[in-house]
Amino acid sequence: MCWSAQADAVAGGLVAGVGVACLVRAHWSGRPERLPIAALPLVLGVHQLIEALVWLGTDGGLSDGLAGAARTAWAVIALPLLPVLVPAAVWCATREPRRRAPAGLTLLGAVVAVPLAAAVASRPVTATARGHTLGYAIGIPHPALLLTGYLLATVGSLLLSGDRLLRRLGVLAGAGAVGCALLWRLAFVSTWCALAALVSLLLLHWAGHRPTGQAAPSTDRATDRAR
């Protein structure tokens, strides 16, 4: 998780590797609509690897320019990207007639992402080590309102996906958000993103999972050739 540069590097490498496996499984399952959400562990794994660089920057192990670039890259993924990527990926993977909720939450995520992106683009991103966590400061306007929309878009889209495994991921991510807010209020975003990276490992099973009654594409093709 976010306890040190070394811990972030190990966790990020593990999650990113699982993300590649998720993409491979989604591809071979014959469900290309699942590829965007199957990529989520890869995105979050890279995010943790970037945070390892942020840790090095706080310890003076990186030049000011590289440390600043790492902080900005971390903030871009954590703030404007995730509230759009998660609901959009769920929307893409969800079958009719359950597309309305993910579509609405994708729009909400885009609305939330605009001021977050503006804040990242116009203000320097700072990171301060607080024991074994990192606290980020950007100067986001109306933080409580934007955080509510952020969690509705990300966690809400998973809970309303209509898919049992994605709902489980949403429950874990939502419970993690509550826990991180209570335990690490000043480092909430950092700790919750780290937890989200770990629970996203559930997607490795989901990426190759087929709904009940759906045959594997290779089986279908073999049956067609036999006919």
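**View 1. Buried residues of helix α8 in a predicted model.** In helix α8, the buried residues are Phe188, Ser190, Thr191, Trp192, Cys193, Ala194, Ala196, Ala197 and Val199. The model shown here is a predicted one. Helix α8 covers residues 188–199, and with 9 of its 12 residues buried, α8 is mostly covered. From its first C-alpha to its last, the helix reaches 16 Å, close to the 16 Å expected at 1.5 Å a residue.

View 2. How many helices and strands does the protein have? There are 10 helices and 2 strands. Starting at the N terminus, the elements follow the order α-α-α-α-α-β-β-α-α-α-α-α. The protein has 227 residues, and 43% of them count as buried.

**View 3. An aromatic pair, Trp74 and Tyr136.** Two numbers are handy for this view: a pair of aromatic rings is described by the distance of the centres and the angle of the planes. The count for the protein comes to 1 aromatic pair. Why is the pair of Trp74 and Tyr136 called stacked? The ring centres of Trp74 and Tyr136 are 3.7 Å apart and the planes lie at 5°, so the pair is stacked; the cut-off for stacked is planes under 30 degrees apart. The two partners come from distant parts of the chain, 62 residues apart: Trp74 belongs to helix α4 (residues 64–93) and Tyr136 to strand β2 (residues 133–137).

**View 4. Arg34 over the ring of Trp206.** Here Arg34 lies over the face of Trp206. The distance to the ring centre is 4.4 Å.

View 5. Which residues make the nonpolar surface patch? Val20, Val24 and Trp28 form it, and its area is about 340 Å². Val20 has its place in helix α1, which runs over residues 5–28. With a relative accessible area of 43%, Val20 is partly exposed.

**View 6. Pro141 and Pro115.** Look for Pro141 in the loop between β2 and α6 (143–159). Pro141 is partly exposed, at a relative accessible area of 33%. Along the sequence, Pro141 and Pro115 are 26 residues apart. In space, their C-alpha atoms are 7.7 Å apart.

Conventions:
Residues are numbered from 1 along each chain as its sequence is written. This is a predicted model: local features need pLDDT of at least 70, side-chain atom pairs count only at pLDDT 80 or more; totals for chains, interfaces and linings use all residues. Side-chain values use heavy atoms; hydrogens and water are left out. Rings of Phe, Tyr and Trp (its six-membered ring) pair if their centres lie within 6.5 Å; planes under 30 degrees apart count as stacked, over 60 as edge-to-face and the rest as tilted. Helices (H or I, at least four residues) and strands (E, at least two) are DSSP runs, numbered from the N terminus. A charge sits over a ring if NZ of Lys or CZ of Arg is within 6 Å of the ring centre and within 35 degrees of the ring normal. The expected span of a helix is 1.5 Å times one less than its number of residues. Buried means under 20% relative accessible area, exposed over 50%, partly exposed in between (1.4 Å probe, protein chains only). Patches are made of residues with over 30% relative accessible area and no salt bridge: like charges are joined within 9 Å, nonpolar side chains (Val, Leu, Ile, Met, Phe, Trp, Tyr) within 5 Å. Accessible areas come from the Shrake-Rupley method with a 1.4 Å probe; for residues, only the protein chains shown count as cover. A salt bridge is a side-chain nitrogen of Lys or Arg within 4 Å of a carboxyl oxygen of Asp or Glu.
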